[in-house]
Amino acid sequence: HAAGIEVHAWFAVCPVGGSTEAASDPRHIVNLHGPTQPGRENWMSVTNTGQTLVSNNYWIDPGHPDAAAYTADVIQHVVQNYAVDGIHLDLIRYSEDTTSTKGWGYNPVAVERFNRLSARAGEPPVSDAAWAEFRRQQVTALVRKIYLRAVRFRRNIRVSAALIPWGDAPASMAA
C-alpha cells in the first residue's frame with residue numbers, strides 16, 4: 001500500500017482439495033465435509049454418475065447451503081481482518097467436463113432442495129432447463145452473499161471474478 005499498489009486477495013472458490021495429497025489437518029474441509037462424510041455433512045459436488053473428483057480435486061457444491069455459507073465466511077474473514085483493496089473470485093462455478101455429458105452439482109442436499117423448490121422428485125436429468133437454472137441461481141446467490149458481506153466491512157472494496165463462457169450463445173436477443 002505504501003508504494004501505491006492495491007492488494008487483492010485471490011480465491012479459488014469451489015475447488016477445495018486434492019485426492020492425491022491428503023490433508024493432514026483433521027479440520028480441513030475435505031476431512032470434515034468430503035465424500036466420505038454422511039448425509040448433510042458431505043459438501044462436495046458430485047456428478048449424476050457419482051464422480052466426485054475433477055482432475056484429482058474435490059469441489060464444494062454451491063447448491064449445498066452449508067458449503068456456501070462456509071465459503072462466504074472464509075472470504076468475509078479475509079475482508080474483515082486484512083487490509084485488502086479487493087477480492088477476486090476464481091473458479092466460482094460448478095465444474096464441467098466439456099468432453100462428456102457428466103453434470104456436476106448432484107450433491108444429494110442440492111438435489112433435495114431443487115426437488116422441494118420445484119415440487120419434483122428424483123434426480124433431474126442433466127439436460128433439464130429448470131435444473132440448469134437452479135444451479136445458476138446457486139452460484140449467483142453465493143456471489144451475492146460474498147459481495148454484500150465484503151461491502152458491509154469495506155465499502156469501497158473491489159470484487160472481481162474470472163468468468164468462463166461455456167455453452168451455446170443465446171439464440172436471439174430475447175433468449
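1. A residue is called buried when its relative accessible area is under 20%, exposed when that value is over 50%, and partly exposed in between. By this definition F114 and F134 are both buried. The model under review is a predicted one, and the points below should be read accordingly.

2. Five aromatic pairs occur in the structure. In one of them, the ring centres of F114 and F134 are 5.5 Å apart and the ring planes stand at 65°; the pair is therefore edge-to-face, since planes over 60 degrees apart are classed in that way. F114 belongs to helix 3 (residues 108–118) and F134 to helix 4 (residues 129–153), so this pair ties together parts that are 20 residues apart in sequence.

3. F134 also pairs with W131: the centres of these two rings are 5.6 Å apart and the planes are at 15°, so this pair is stacked. Both residues lie in helix 4, three residues apart, which is about one turn of the helix. W131 is buried, as is F134. Through ring pairs, Y106, F114, W131 and F134 are linked into a cluster.

4. A further aromatic ring, that of Y94, has the charged end of R135 over it, 4.6 Å from the ring centre.

5. Attention may next turn to the charged pairs. Side chains of opposite charge can pair when their charged atoms come close. The whole structure contains seven salt bridges. One of them joins the side chains of D73 and R149, with an N to O distance of 2.5 Å. Because D73 is in helix 2 (residues 65–81) and R149 is in helix 4, the pair ties together parts that are 76 residues apart in sequence.

6. Is R149 buried or exposed? Its relative accessible area is 18%, so R149 counts as buried. Apart from neighbours within four places in sequence, R149 is in contact with A69, A72, D73 and Q76.

7. Another salt bridge, between the side chains of E112 and R116, has an N to O distance of 3.1 Å. Both residues are in helix 3, four residues apart, or about one turn of the helix. E112 is partly exposed, with a relative accessible area of 40%, whereas R116 is exposed at 53%.

8. In helix 4, R136 and E133 are three residues apart, about one turn of the helix. These two residues form a salt bridge whose closest N and O atoms are 2.9 Å apart. R136 is partly exposed at 47% relative accessibility, and E133 is partly exposed at 33%.

Terms used
Residues are numbered from 1 along each chain as its sequence is written. This is a predicted model: local features need pLDDT of at least 70, side-chain atom pairs count only at pLDDT 80 or more; totals for chains, interfaces and linings use all residues. Side-chain values use heavy atoms; hydrogens and water are left out. Rings of Phe, Tyr and Trp (its six-membered ring) pair if their centres lie within 6.5 Å; planes under 30 degrees apart count as stacked, over 60 as edge-to-face and the rest as tilted. Helices (H or I, at least four residues) and strands (E, at least two) are DSSP runs, numbered from the N terminus. Buried means under 20% relative accessible area, exposed over 50%, partly exposed in between (1.4 Å probe, protein chains only). A charge sits over a ring if NZ of Lys or CZ of Arg is within 6 Å of the ring centre and within 35 degrees of the ring normal. Contact means heavy atoms within 4.5 Å. A salt bridge is a side-chain nitrogen of Lys or Arg within 4 Å of a carboxyl oxygen of Asp or Glu.
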